[in-house]
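Keep the sequence and the 3D view open as you read.

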Amino acid sequence: MLRLLKGDVAVVMGGQLVQLAVGVATSTIIARMLSADGYGVVNLLRSIFMMVATVSPLGLDAALLKYCGRDDGDAEGKAAVILRLRLIALAVSTTLALLVFAGAETGLLGKVYRFDNINLLFIVTFLALPFATDTAILNAVYRARGQAKRYALMGPYLQSGIRLVLVPLAAVCSPRIETVVAINTLQIVVTAVLILIDMSRSRPEAADSAPPPAAVHRAGAMDVLQESAWMCLSIFVYSLMRSADIMFLGATTQAKDIGEYAALSMVAQLTAIFPMAASQSLGPNISKAFHSGDQAGVVRELNQYLMKAAPVSGFLFGGIAVFGQRLDLVFGSSFHFSAAICFLLPLGQVISATLAPMGYSLSMTGRHRAENAILTAGGVVLVALCALFIPKYGTIAAASAVAFTFTLVNVARFILVTRVTGAVPGRWLDLVPAPLAFGLAHAAQYAGDLVGGRDLLTTFLACCLYGLLFGACAFALFIRPGAVARKGNPLPAQGDMK
């Protein structure tokens, strides 16, 4: 069973990595195909859709994990409750989609986002909302039933395959924004249809006894909805923090600026890949240590995470912050990336990648309300900063707002965790990787400029040199045998941090 579980985790994580890799590759093709202007419109629509799609499941994609995991022997009753919840979420998502359609038909959306054919593009995009909502809920059902691998094959893997085929085909046959938006909708619809077919084949067998009355199902559904409400709020605020900058830029700046910002933002998010993978087991481990009264164990888990995440995320931060200005060599000559934004966007991501798992500590130690309060405050600050400064200062204001808000939220988490645990997680050494990487990346770029021009080959060789320099420093400073042997135990310097 353990071997099977490990296999499922490998398949699921593999699906996420494949989806990320294919997403980067196809986004690069789209950027070169549509130029910065078209790429900006596509990403504006995607950001708005993703924010709405995270709210439309009503938090059930998280709450159903707990509900379906209860072993009460009433599979048929659970199926009835799940069906009722799906219908409620379907009604909500359909209503939201109809509101978008109405805004498009009346031209209201076109008055906010002044781009060619934007009303039709909104309609095509939001056709997928009911399908995306139901798929998100069924994802939780599959995971609770121990069928995460089955869902991954029909979800991330299938969608990646569709994009890998259709996006290059579109680049050759129909290089238009409408085609790309239609592909984004199609991949969601196809996944939803296949999952519905698969679910219909695996319905629970009917019980011999009479089924519970509808009132029981309604009560069960309401219990789950009440629990999912705060989860929905948390998910919404987190999604808003990931999308607010693009949404405000779309309403106040040119499509070209949005495209350049979105391209760099996508690359900056690579900073969080390894930390995201490394934190998969962090939540359960922290919960286990806390509920067994092992406060030192909580700090030890956080120390181990920081020891692994800080060097990797710092390395990616340095590379993107310095070499990001040359991404036009990849995305095309229509793109231009300023040094300030190349620094600010990955700065927010490296802080989030390193410290965001502190939120696990709050949620897993019964302080999810405090975590929600911090996230909500961060969301309000980000929206306020975007509304005040983006109309005048554009992309530099957006990147600054994101970096400031991510720093504010994660420092607040860190301070609260130190109060909960009575100790300061991490070491002074964990602060070194990011600034060290930034300096080494500049040195490598300078060395490259001495021997070559501003071209793809010279930049690639400079990046290789950067990797070698940072790897040598990391081996000497961050992954010494003595440091690993301690496995995050408090260092003498930690006492000075209190």
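Contact here means heavy atoms within 4.5 Å. Helices are DSSP runs (H or I, at least four residues), numbered from the N terminus. This is a predicted model, in which local features need pLDDT of at least 70, side-chain atom pairs count only at pLDDT 80 or more, and totals for chains, interfaces and linings use all residues. Residues are numbered from 1 along each chain as its sequence is written, and side-chain values use heavy atoms, with hydrogens and water left out.

**Helix H13 and its partners**

- In H13, Gln295, Val298, Val299 and Leu302 meet Val417, Val420 and Thr421 of H18.
- By class, that contact has 5 nonpolar, 2 polar and no charged residues (Ala, Val, Leu, Ile, Met, Phe, Trp, Tyr, Cys and Pro count as nonpolar, Asp, Glu, Lys and Arg as charged, and the others, Gly among them, as polar).
- The axes of H13 and H18 come within 10 Å and cross at roughly 150° (axes are lines fitted to C-alpha atoms, for helices over the stretch in contact, and angles run from 0 to 180 degrees between N-to-C directions).
- H13 is therefore roughly antiparallel to H18 (angles under 35 degrees count as roughly parallel, over 145 as roughly antiparallel, 65 to 115 as roughly perpendicular and the rest as oblique).
- With helix H19 (residues 433-451), helix H13 (residues 295-323) crosses at roughly 40°, their axes coming within 8 Å, so H13 is oblique to H19.
- The contact of H13 with H19 has 13 nonpolar, 4 polar and no charged residues.

**Helices H7 and H8**

- Helix H7 (residues 148-173) packs against helix H8 (residues 177-200) at about 150°, with axes 9 Å apart.
- H7 and H8 are therefore roughly antiparallel to each other, and their crossing is right-handed.
- Among the residues making this contact are Met154 and Leu158 of H7 and Ile183 and Leu194 of H8.
- The contact of H7 with H8 divides into 13 nonpolar, 6 polar and 3 charged residues.

**The cavity**

- On a 1 Å grid over the protein atoms alone, a cavity is a set of points where a 1.4 Å probe fits but cannot get out, and lining residues have an atom within 4 Å of a point.
- The structure holds 1 cavity of 30 Å³ or more.
- The largest cavity has a volume of about 80 Å³ (grid points are joined across faces, edges and corners, and a volume is the space filled by probe spheres set on the points).
- Its lining includes Tyr238, Arg242, Phe406 and Asn410.
- Helix H9 (214-252) and helix H18 (395-421) each supply at least two lining residues, and H18 gives the most, with 4.
- The lining has 6 nonpolar, 2 polar and 2 charged residues.

Notes. On a 1 Å grid over the protein atoms alone, a cavity is a set of points where a 1.4 Å probe fits but cannot get out, and a pocket is an open set with protein on both sides within 12 Å along at least five of seven lines; lining residues have an atom within 4 Å of a point. A crossing is left-handed if the near helix is turned anticlockwise from the far one by less than a right angle, and right-handed if clockwise.
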